[in-house]
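Hi,

Here is the structure you were waiting for. My notes follow below it.

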Amino acid sequence: MSVVVNGKAVDAAPRPGQCLRTFLRDTGHFGVKKGCDAGDCGACTVLLDGEPVHSCLIPAFRADGREVTTVEGLATADGLHPMQQAFLDAQAFQCGFCTAGMIVTCASLNQAQKKDLGAALKGNLCRCTGYRAIEDALLGRSHVEDVAAGEAFGRSLPAPAGPDVVRGKARYTFDTAIEGLLHVKLARSPHAHARITGIDKATALAVPGVHAVLTHEDAPATLFSTARHEQAWMDPADTRVLDDTVRFIGQKVAAVVADSEAAAEEGCRRLRVDYEVLPAVVDPAQAIAPGAPRIHAGRSREQRIADVSRNIVAETHGEFGDVATALAAAAATYEGTFTTQRVQHAALETHGGLAWLDDDGTLNVRSSTQVPFLTRRALSEIFALAPDKVRVFCERVGGGFGGKQEMFVEDILALAALKTKRPVKLEFTREEQFIATSTRHPMRVTVKAGADKDGKLTALQLDVLSNTGAYGNHAGPVLFHACGESIAVYNCPNKKVDAAAVYTNTVPAGAYRGYGLPQTTLAVEAAIDELALQLGIDPFEMRRRNIVRPGDPMLSPPGAEHSDVLYGSYGLDQCLDLVERAMAEATPTPELSDEWLTGDGIALTMIDTVPPDGHIADAAISLGADGGFTLTVGTAEFGNGTSTVHRQIAATILGTTVDRITLKQSDTSHGGHDTGAYGSTGTFVAGRATQAAAEALAETIKRVAADHWNVDPSECRLADDAVSSGARRLPFTDLIKAGGPPLTAQGNSQGTPRSVAFNVQGFRVAVNKYTGVVRILKSVQAADAGRVANPMQCRGQIEGGVAQSLGAALYEEIVIDETGRVINPRFRDYHLPSYADVPRTEVLFAETTDTIGPLGAKSMSESPYNPVSAALGNALRAATGIRFTATPFKPDRLFPLLQEKFGA
């Protein structure tokens, strides 16, 4: 077949059944992305004879004799296409994985279509931005600043990868071609709980092109956790690369390695597996009941499992004061039980990676990961390899949200590469993301709260049951975090916590943005509002009377084992004031009939800026012959903005501009160590390492110049790409020409002490009392991010966090049937927020400077997500007079109680 792609003729024969997306990628057009392969996300959008299409739905042969334009073909010799430039000016991307398809769609819109962007963009999803920046690109708005040397920090500078992102040239995990590549596909369990009694490989191996079938007999017996943390104690050792017992529907049973994905899939279909089906339990309350099946029978506390006999992987209990007595004496009390559902991270780049062996036997893994260094450590331990014989690295990562703080594919890739001695590829489908990776922990939270007549809290109690699924990755840390800051943010003399994370025979839960706090905050903030209502106190005032302030201990039972959390800065009071003023301001409101009820709601959250017990980051920086700098960090970029901020930190300290900073990152072969980009540490921890390295290099440069001029180093200054002392000035290039030892420096951060960040969310909603439909009329979030490193970028993080959290609050839900099977493993049945679903959020910043964070900044990646569901629940209560206690707040969930109160 002959097709014109980006103005050039391509003559190639597509494979039988091949879609246009894979055909284009096979011919090197890597700007065409895979997010779903079902026409749901738009990441693969191209122009076919000028019309936008989802190339994953188009059979490749239908392009014969036609013209295809990918994002790479939009630019001309004269420069970027106007839409590419508009996205660059507005910085209308974060991870950037959706951006190529989004730009192609936007470039095709006519003026009439631009008047209804909700309809025009319904086929393109973005998980990161919240869509406001994309709208700004379409409206021609620019947010990028130009700044002088040494003034980068605190300014809205663009992402360094921006030009490549909008051209479709930014390289993600699979945007490369490797000779001799084999493909891995996984056979998965149809049973929720079963013991494998036999596997017949013969029929699978007979498939033409199949090279190997790997089972538990071929894999190390080492137990580990897919969760990646600096400290092993945080997670149970309950997982094998391939196990002879399966504990959820979708668990991997065998890996088939073949010349093509089609051959590997056929091998999986033909594989014969015999099972002894075991009793299963999918409900966490039933899992801890006497007589329930033991999901991890034979394991014990040696594997860091709290109580195998009751399926409890982790638990915490404690009390300060006497909650029961305080509740009995309180002027107002509230008790309620709240439930939160499973939600999927839905990063548009699925889990996957490539692995190969170098000539010297080094195992290389190129992966979509947030934690390359911890993954190297795990692979080294599991496969008994020397650490210097394992390299793990990532290119640009297409979204994470905590889901890639796991090792779901790298162990299988390593096994396949080591067994076959060939380069191998494993890329999850969207369905596999839903059924076989991880979700947010669904929780049942019972809150009890009491206050005196003046509105001062006298009692706070949480009882939490968390469903960790079949494996305990992140079960304990999420549970402890959920029960921590959610009540530590309030002064109260009597507090009590009883909480457990429980195994069930369902898809595992894991790390997810917010890390447990959104689930418990929903209950705690509802209780604060209910007490305020009983006492006739304004919700803002009720919180002001009870929030912690500098000098107050931040306490939650049973007490912090790690007491290094400090008030690096404090802006919670400002955040409350900012949201209160913004909510009081008059805003345009649509005309609503009497069927609609309106109400306002708020919620606040506090979050520690670093996980406990160590989070390590190394950085190195050197001055080059051209007067520019090379900065090496371990932290990964997946839309969190760290590659922008690290250059800003270094450029500010070294008196240069960000374009003079070349960044090398997220590759274990670069040396040093980095715990990973999770827990909002990419700026707060790794940024401190960059600051330390840059400051050390600045001092070295000053000493060299001082020796050259025979002056004291304290008299030297760095500015405008030079070092100066009085009227004397020595450009960095001349400094290098002067000779001497290499000008390099290292920096390190240990992640302690830690600070706290604060967010306050406000909503105005309208609820149709007869249908349950919810409309967001106003959304405001105020944040204490310390000194804001990059206002444009930080605003985008907050908008994206609110949008993602609104999805979880209003409609996102992984549905699991009574057998433990995920029944909606695709986007079209899951309802990710699209452009039309997301309100514009007004973002406001408290004015603080953190004494611990780099140049006064602190984290703001996870925390914007946390107060959203709670604020929405409080707004629904204010509008309807009904306390809804289960998310998502879908119309069909609201309708029964609305009908009971208001009738048909």
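Strand 25 (residues 717–719) and strand 26 (residues 722–725) run antiparallel, joined by three bridges. Strands here are DSSP runs of E of at least two residues, helices are runs of H or I of at least four, and both are numbered from the N terminus. Two strands count as paired if DSSP finds at least two bridges between them. Ala719 sits opposite Ala722 of strand 26. The two strands make a hairpin with two residues between them. In that turn, Asp720 has a positive phi of about 50 degrees.

A caution on the source: this is a predicted model, in which local features need pLDDT of at least 70 and side-chain atom pairs count only at pLDDT 80 or more, while totals for chains, interfaces and linings use all residues. Residues are numbered from 1 along each chain as its sequence is written, and side-chain values use heavy atoms, with hydrogens and water left out.

Strand 26 also pairs with strand 27 (residues 728–731), antiparallel, over four bridges. Ala722 has Pro731 of strand 27 as its bridge partner. This hairpin, too, has two residues between the strands. Gly726 takes a positive phi near 65 degrees there.

Five strands form it in the order 2-1-5-3-4, with mixed pairing. Strand 3 (residues 45–48) and strand 4 are antiparallel, with four bridges. Leu48 is partnered there by Glu51 of strand 4.

Now Thr504. This residue lies in the loop between strand 20 (495–503) and helix 17 (517–535). Is Thr504 buried or exposed? Thr504 counts as buried because its relative accessibility is 0% (buried is under 20% relative accessible area, exposed over 50%, partly exposed in between, with a 1.4 Å probe and protein chains only). Beyond its neighbours within four places in sequence, Thr504 is in contact (heavy atoms within 4.5 Å) with residues including Arg247, Asp283, Arg342 and Asn467.

Last, a helix pair. Helix 17 packs against helix 25 (residues 868–880) at an angle of about 35 degrees, with the axes 8 Å apart. Axes are lines fitted to C-alpha atoms, for helices over the stretch in contact, and angles run from 0 to 180 degrees between N-to-C directions. Among the residues making the contact are Thr521, Leu522 and Glu525 of helix 17 and Asn874 and Arg877 of helix 25.

Best wishes
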